[in-house]
Amino acid sequence: MALKVGDKAPDFSLTVKAADGLKKLKLSDNAGKKNTLLLFVPMAFTGVCTKEFCEISAGLGQYTSLNADVWGISGDNPFAQEAWATKEKITLPLLSDYDHKVATAYGVAYTAFLPAKGLDMGGVPKRSAFVVDKAGVIRYAEVNDDPGKLPNFDAIKACLAQLK
């Protein structure tokens, strides 16, 4: 079951490919400093995921002006994520949840991803959005079973504006 508004967000430490190599980003590093928007997507290099992260990258200033970091999370390895970010000019940090532990902790892992299309990859994250406030509490939660449905970014910005 997915986490909901009011739940304490599980802390995590995930790998991200940075200009100077691999590094870890830890949710609790933002504690007391910034709100965090976590965007889970099923897979790199897919149409809807690319659209989502390109649009977020183009409007990243809207989120930073609301005192929020935006982190993208998928089960892809950091090198695939880096290639995707380079190809599509994605500028938000892409965190590798390669073992699907974070997707599972947040309750957003598919048991089988698109089995009707011959895919049966358990653990792939559902397209989801969580706003975690500076105290580590979830203030917005949206989980979409339909991988083609984008989160409600207007509602996310409204939530962040209240937390600023």
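At the start of helix H3 (residues 78-88), a side-chain oxygen of asparagine 77 comes to within 2.8 Å of the backbone nitrogen of phenylalanine 79. Helices (H or I, at least four residues) and strands (E, at least two) are DSSP runs, numbered from the N terminus. This is a predicted model, in which local features need pLDDT of at least 70 and side-chain atom pairs count only at pLDDT 80 or more, while totals for chains, interfaces and linings use all residues. Residues are numbered from 1 along each chain as its sequence is written, and side-chain values use heavy atoms, leaving out hydrogens and water.

In H3, Pro78, Gln81, Trp84 and Ala85 are buried; buried means under 20% relative accessible area, exposed over 50%, and partly exposed in between (1.4 Å probe, protein chains only). These four cover an arc of only 120° around the axis, which puts them on the same side of H3; the arc is that of the directions from the helix axis to the C-beta atoms. Thr86 and Lys87 are exposed on the face of H3 turned away from the buried side. The buried residues of H3 pack against strands S1 (13-18) and S2 (21-26), and also against H1, S4 and strand S5 (94-96), where contact means heavy atoms within 4.5 Å. Just after H3, lysine 89 has a positive phi of about 60°.

Helix H5 (residues 153-163) has Phe153, Ile156, Cys159 and Leu160 buried. They cover an arc of only 115° around the axis, which puts them on the same side of H5. Asp154 and Gln162 are exposed on the other side of H5. Among the elements that cover the buried residues of H5 are helix H1 (47-58), strand S4 (68-74) and strand S6 (127-132). At the start of H5, a side-chain oxygen of asparagine 152 reaches to within 3.2 Å of the backbone nitrogen of aspartate 154.

**Threonine 15**

Threonine 15 is in strand S1 and is buried, with a relative accessible area of 18%. Its side chain makes a polar contact with the side chain of lysine 24 (3.1 Å). A polar contact is a pair of N or O atoms within 3.5 Å; within protein, one must be able to donate a hydrogen and the other to accept it, and residues adjacent in sequence count only if both atoms are side-chain atoms. Leaving aside residues up to four places away in sequence, threonine 15 touches residues including Pro78, Leu94 and Ser96.

**Aromatic pairs**

Rings of Phe, Tyr and Trp (its six-membered ring) pair if their centres lie within 6.5 Å; planes under 30 degrees apart count as stacked, over 60 as edge-to-face and the rest as tilted.

Phenylalanine 12 lies in the segment before S1 and tyrosine 106 in the loop between helix H4 (101-105) and S6, 94 residues apart. Phenylalanine 130 is in strand S6, so its pair with tyrosine 106 ties together parts that are 24 residues apart in sequence. Tyrosine 106 is buried at 0% relative accessible area, and phenylalanine 130 is buried at 0% relative accessibility. Phe12, Phe40, Trp71, Tyr106 and Phe130 form one aromatic cluster.
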